[in-house]
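This report covers the disulfides of a predicted model and the packing of one of its helices. The sequence and structure come next.

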Amino acid sequence: MKLKQRVVLLAILLIIFIFTKVFLIDNLDTSAANREDQRTFQRMMASLHIGLDPRLDHTLQSPWEIAAQWVVPREVYPEETPELGAVMHAMTTKKIIKADVGYKGTQLKALLILEGGQKVVFKPKRYARDYVVEGEPYAGYDRHNAEVAAFHLDRILGFRRAPLVVGRFVNLRTEIKPVATEQLLGTFMTVGNNTCFYGKCYYCRETEPACADGDIMEGSVTLWLPDVWPLQKHRHPWGRTYREGKLARWEYDESYCDAVKKTSPYDSGPRLLDIIDTAIFDYLIGNADRHHYESFQDDEGASMLILLDNAKSFGNPALDERSILAPLYQCCIIRVSTWNRLNYLKNGVLKSALKSAMSHDPISPVLSDPHLDALDQRLLSILATVKQCTDQFGPDIVLVEDRMTLSHL
């Protein structure tokens, strides 16, 4: 063999060796990451049941102090939370020492201060479990049980970006009225034999109060995030106009995602992938009302998109509002870890997991069976959407690695 031929052959062999090595290393890294995703999923499934037990391992700390220490830029609570049951038990049993109208917004809520100084947001029951909210996907009152279900779905998806929520029954006459501010107390009334209130908000009306069953009102309580983590509000790039006949740009511009990718904070960092995670989360719960979102202040796009205010969800199990998925099908990217988790949850696992996770809540059953069935059907639509993307662009473009190390020091 001539020298020139030998050199060419050696060069070809070297290129093959290099590509083989790179391919094997990439595959090993991916396999290791996938195995870790599988282990994380198994740990989550093993800890689905949350017993509301008042006992704490950290006897020198209150449940509020423990929950406050969980919060970091990329999650509200850690993967392993042996004290979660104790914190949620405190949320549903601690004495209410003050009650006021809710923070500004469009929907009825009350701000409660629990023993120990912890703030929680109370959302009252407005609908029976089997009530179907007709009309636009964002129609109707807030659903308190939707907040509970959304929190547990956040756990199951492995996002850990939703504040803690638990159901609670309160006696309006003995627990709320004696500690209510004049502003809140002025909105109380009696309708028949039921105690009611209508609060203060954009859509709050004296003619549309929330009423207890006698004096006992069912609702949800959401744990207020620590004041040391102030929030910053952002307009959602895929928000709706809420005006008949006027479309948002994303509703008619097929290249809209390309424009979003050129603007801060979506041009770098994890925020765009958070938007897509949130679109998946919102599609599963039927929430078409995320016109704004919150992150921690001064984060330059590095902190998480916090999954606040999920009560416009689980309104109509028969309505699958595909436009909620626009960030996913327009950008055609998704985190590998999210993709793996969604695949672990197919074949009925999602419905079973959520039903199990909510079974110990004080207001259980939290969702009706049609809503649970809808989750599994919507999951199939999400998986099909990602497959369309991978068929068009290839998995290397669509499936994005974004695994950030989290610190709880």
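Which helix and strands do the buried residues of H2 pack against? They pack against helix H3 (84–93), strand S2 (110–114), strand S3 (118–124) and strand S8 (216–223).

The residues in question belong to helix H2 (residues 63–70), where Pro63, Trp64, Ile66, Ala67 and Trp70 are buried. They lie on the same side of H2, because the arc they cover around the axis is only 160°. An α-helix has 3.6 residues a turn, so residues three or four places apart point the same way.

The second topic is the disulfides. A search of the whole structure finds 4 of them. Counted along the chain, the bonded cysteines of the protein chain pair in the pattern 1-4, 2-3, 5-6, 7-8. A disulfide is a covalent bond between the sulfur atoms of two cysteines.

| Disulfide | S to S distance |
|---|---|
| Cys196 to Cys211 | 2.0 Å |
| Cys201 to Cys204 | 2.0 Å |
| Cys257 to Cys331 | 1.9 Å |

Another disulfide joins Cys201 to Cys204. The torsion about the S-S bond of Cys201 and Cys204 is about 105°, so this disulfide is right-handed. Both Cys201 and Cys204 are buried.

Cys257 and Cys331 also form a disulfide. Why is the disulfide of Cys257 and Cys331 right-handed? It is right-handed because the torsion about its S-S bond is about 105°. This pair links distant parts of the chain, with Cys257 in helix H7 (residues 256–260) and Cys331 in helix H9 (residues 326–331), 74 residues apart. Cys257 is buried, as is Cys331.

Notes:
Residues numbered from 1 in each chain as written. Predicted model: local features only at pLDDT ≥ 70, side-chain atom pairs only at ≥ 80, totals over all residues. Heavy atoms only, no water. Disulfide = S-S within 2.5 Å. Buried < 20%, exposed > 50% of the residue type's maximum accessible area, 1.4 Å probe, protein only. Helix = DSSP H or I, 4+ residues; strand = E, 2+ residues; numbered from the N terminus. Arc of directions from axis to C-beta. Contact = heavy atoms within 4.5 Å.
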